[in-house]
Amino acid sequence: MSKKAETAEAVSPSKMKAAPGSAVSVANADLARAAEPAPVENFFEVHLTQLARAMEHAPMQKHVRLILSEPKNEIIVNFPVKMDDGNFKLFTGYRIQHNNIMGPYKGGLRYHHEVTLDEVKALAALMTYKCALLEVPFGGAKGGIRLHTREHSTSELERITRRFTHDLGNNIGPEYDIPAPDMGTNSQMMVWMMDTYMNMHNLSDKNAQRRIVTGKSLTSGGSRGREKATGQGVVYCIQEWADERGFRLDGCSYTVQGFGNVGSHTAQILSRLGAVLVAVQDHTGSLYNPEGIYPRKLIDYVQTHGGIAGYAGAQAISDEEFWAADCDICIPAALELQITAEIARNLKCRMIAEAANGPTTLEAEAVLRERNIEVLPDIMANAGGVVVSYFEWIQNKRSESWQLQEVDSRLHFMMKRAYHEMRAFARERGVDNRTAALAVALERINTVYIERGVFP
Ligand code: NAD
């Protein structure tokens with residue numbers, strides 16, 4: 001999953017047909033299905049290793065370990081969609097439902113050309129533990145479609161989204177499995193999903209289906225504060241970390257990898273607190289300015305140019321220089337497995353806040369431990385998105401519309417509570433934050449399995 005892989009694929013549509021795992025024309029489908037891209041470490045196996053470490057510190061029933069080691073359901077649909085030029089393409093869509101002992105399955109939907117089954121399985125499992133840690137009464141799921149969003153028009157993306165929703169059918173539902181945005185998807189796509197799903201139901205029952213997805217636009221039933229929620233949660237988490245150590249955020253420096261929904265909102269909120277964004281990277285390149293990069297101006301630039309490359313308020317640097325930039329806090333907010341052992345050895349920060357899911361490899365984690373670089377793990381740091389998704393779901397259910405202040409203060413309370421539960425566990429057991437966060441979640445899930453038993 002390298003940046004080079006992303007940029008190298010920005011080629012003509014005819015070349016794209018031959019790329020492994022991309023959407024393909026129906027005629028070429030059998031030829032193009034041969035291989036899936038091979039990441040450095042397998043994300044699902046990385047997750048299982050981290051889970052096994054946490055299980056050493058959380059007393060677990062043997063059968064619960066077994067249940068959690070694989071998702072409950074793995075739904076894979078191959079579906080054709082008509083392109084603007086009249087040709088059909090076949091897409092592969094996934095919906096992985098990891099666990100629903102704590103409540104309906106919940107998790108984002110990713111559109112990316114390197115989406116794989118193992119990636120979505122890992123992401124779905126992380127949702128189970130994220131919800132349990134935050135005491136959000138949902139289980140864990142994740143979905144994805146392997147496609148290159150930048151190579152499709154808006155109307156193609158709409159037809160792809162609607163057809164995928166239709167093909168998922170009753171495998172999703174407002175009390176069963178509730179998708180949300182993730183990488184490559186946004187509020188518009190959630191509204192298309194909602195509208196398609198509503199139209200698949202009886203007239204009299206239609207409006208009760210609105211909460212089939214969260215992360216919708218405000219006008220179509222979304223929540224105030226949902227768009228910035230993940231970034232807001234990352235910052236609440238960083239604030240708790242800073243308070244605990246007497247560290248001043250005002251004047252500190254930070255870097256961000258990924259300047260999409262999560263990265264850009266995190267940067268905007270953190271810079272408002274006086275922190276200085278010194279380096280940023282996205283799929284188009286890396287930028288550096290020790291005097292500070294204005295997130296708002298960069299957001300406007302990205303909206304018109306599609307990426308950060310060419311932004312005049314900073315100098316272009318190499319990807320290696322980005323990771324080696326001097327800073328207090330490093331915030332990965334793009335893909336998984338980005339921080340390799342080599343990068344970990346060169347990092348100059350004192351803390352990593354994992355806004356992305358699974359950005360750190362196992363080898364890198366060992367290096368970070370040796371170098372005393374603290375990590376705020378993904379299931380804690382980026383949980384703000386699912387928390388406010390839960391608020392959106394409640395608001396839809398009750399036909400309410402909460403004010404932003406209420407959303408933010410409830411989010412703050414839940415992030416703070418989970419953060420201190422994680423830290424207390426880490427201190428008491430002498431383990432790292434990731435192990436502690438997973439162990440707190442596992443203890444809760446295990447308790448519910450003991451209380452409920454396993455049917456029949
Ligand atoms: P997004 O699609 O809005 O933005 C992704 C960003 O990553 C873009 O700036 C893109 O240019 C950059 N990027 C892509 N490939 C890259 C590469 N190879 N090198 C460097 N940058 C690259 O996605 P998002 O919603 O901001 O999600 C980012 C991460 O946050 C993902 O790991 C996602 O799972 C996680 N997350 C998202 C949410 C949410 O609410 N959207 C919630 C929790 C976690």
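User: How many salt bridges count between domain 1 and domain 2?

Analyst: A salt bridge is a side-chain nitrogen of Lys or Arg within 4 Å of a carboxyl oxygen of Asp or Glu. Between domain 1 and domain 2 the count is one. The side chains of R110 and E336 form the salt bridge, at 3.0 Å from N to O. This is a predicted model, where local features need pLDDT of at least 70, side-chain atom pairs count only at pLDDT 80 or more, and totals for chains, interfaces and linings use all residues. Residues are numbered from 1 along each chain as its sequence is written, and side-chain values use heavy atoms, with hydrogens and water left out.

User: Where do the domains lie in the chain?

Analyst: Domain bounds come from an automatic or database domain assignment. Here domain 1 is 72-211 and domain 2 is 229-381. Their C-alpha centres are 28 Å apart. Domain 1 brings 13 residues to the contact and domain 2 brings nine, contact meaning heavy atoms within 4.5 Å.

User: What area is buried between domain 1 and domain 2?

Analyst: Buried area is the accessible area (1.4 Å probe) that two parts lose on being put together, summed over both. For domain 1 and domain 2 the value is about 920 Å², and carbon and sulfur atoms give 60% of that area.
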